[in-house]
Amino acid sequence: MLDELILTKLTQQEFKGLYQVMRPIWLDTYSFLPTEQVELLLDKYFSLEAINYYLSKGYEYFSVGGNGLLVIVENEDSVYIDKLYIYPENRGQGIASRVFNKLIAERKKALTLNVNRNNSVAISCYLKNGFTVVKEEIIPLGRGLVNCDYVMKKEV
């Protein structure tokens with residue numbers, strides 16, 4: 001895939017169907033988490049109310065050339081990748097690598113992200129692309145549930 005990677009901002013109409021698009025991907029990706037936790041997080045991130053909240057905080061939602069979803073927010077010293085999901089049928093094609101390279105080239109900032117410590121596939125991808133673990137976090141979600149994450153960073 002040598003063509004240019006195109007990131008297209010999602011529309012209000014696309015936001016309406018995003019929960020249904022992401023639900024099967026999350027249930028598959030996070031099969032190591034309790035279903036209750038996955039459902040809680042899906043609502044927290046992909047309900048229309050949540051999306052509008054994150055938009056109001058400066059988050060940007062992109063289609064990754066029709067191959068996945070990217071959600072970022074630009075901070076003073078980095079671009080925080082809040083979500084990057086490549087649809088299962090498009091994985092293994094170097095799309096995530098192209099997203100990272102494009103973000104660094106366009107934004108001229110380091111990239112940071114959180115990843116669940118049990119998500120070995122994503123961690124492997126990030127390490128292969130030059131990210132390093134900078135710290136560990138335990139994030140309380142309520143209902144006795146927690147996210148156990150690595151915070152990772154890729155320098156410019």
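The largest nonpolar core of this predicted model comprises 27 residues. A nonpolar core is a set of buried Ala, Val, Leu, Ile, Met, Phe, Trp, Tyr and Cys residues joined through side-chain atoms within 4.5 Å. Buried means under 20% relative accessible area, exposed over 50%, and partly exposed in between (1.4 Å probe, protein chains only). Leu-18, Met-22, Trp-26, Phe-46, Tyr-61 and Leu-69 have the most contacts inside this core. Two or more residues each come from α1 (12-29), α2, α3, β3 (68-74) and β4 (78-86). Helix α2 gives the largest share, 6 residues. A second, separate core has 24 residues, including Leu-5, Ile-81, Ile-95 and Leu-103. Helices (H or I, at least four residues) and strands (E, at least two) are DSSP runs, numbered from the N terminus.

Residues are numbered from 1 along each chain as its sequence is written. Local features need pLDDT of at least 70, side-chain atom pairs count only at pLDDT 80 or more, totals for chains, interfaces and linings use all residues, and side-chain values use heavy atoms, with hydrogens and water left out.

Tyr-61 touches Thr-8, Lys-9, Leu-10, Phe-15, Leu-18, Tyr-45, Ile-51, Tyr-54, Leu-55, Leu-70 and Val-71, not counting residues up to four places away in sequence. Contact means heavy atoms within 4.5 Å.

Helices α2 (residues 35-46) and α3 (residues 48-56) pack at about 50 degrees, with axes 5 Å apart. Axes are lines fitted to C-alpha atoms, for helices over the stretch in contact, and angles run from 0 to 180 degrees between N-to-C directions. The pair is therefore oblique: under 35 degrees counts as roughly parallel, over 145 as roughly antiparallel, 65 to 115 as roughly perpendicular, and the rest as oblique. Asp-43, Lys-44, Tyr-45 and Phe-46 of α2 meet Leu-48, Ala-50, Ile-51 and Tyr-54 of α3.

Helix α3 buries Ala-50, Ile-51 and Tyr-54. Down the axis of α3, these buried residues fall within an arc of 100 degrees, so they line one face of the helix. The arc is that of the directions from the helix axis to the C-beta atoms. Their cover includes α1, α2 and β2 (60-64). Exposed Glu-49 and Ser-56 sit on the face turned away from the buried side of α3. Gly-58 follows α3, with a positive phi near 95 degrees.

Cys-125 lies in helix α5 (residues 120-128). At 23% relative accessibility, Cys-125 counts as partly exposed. Cys-125 touches Ala-96 and Phe-100, not counting residues up to four places away in sequence. Gly-94 is 31 residues from Cys-125 in sequence, and 9.6 Å in space, C-alpha to C-alpha.
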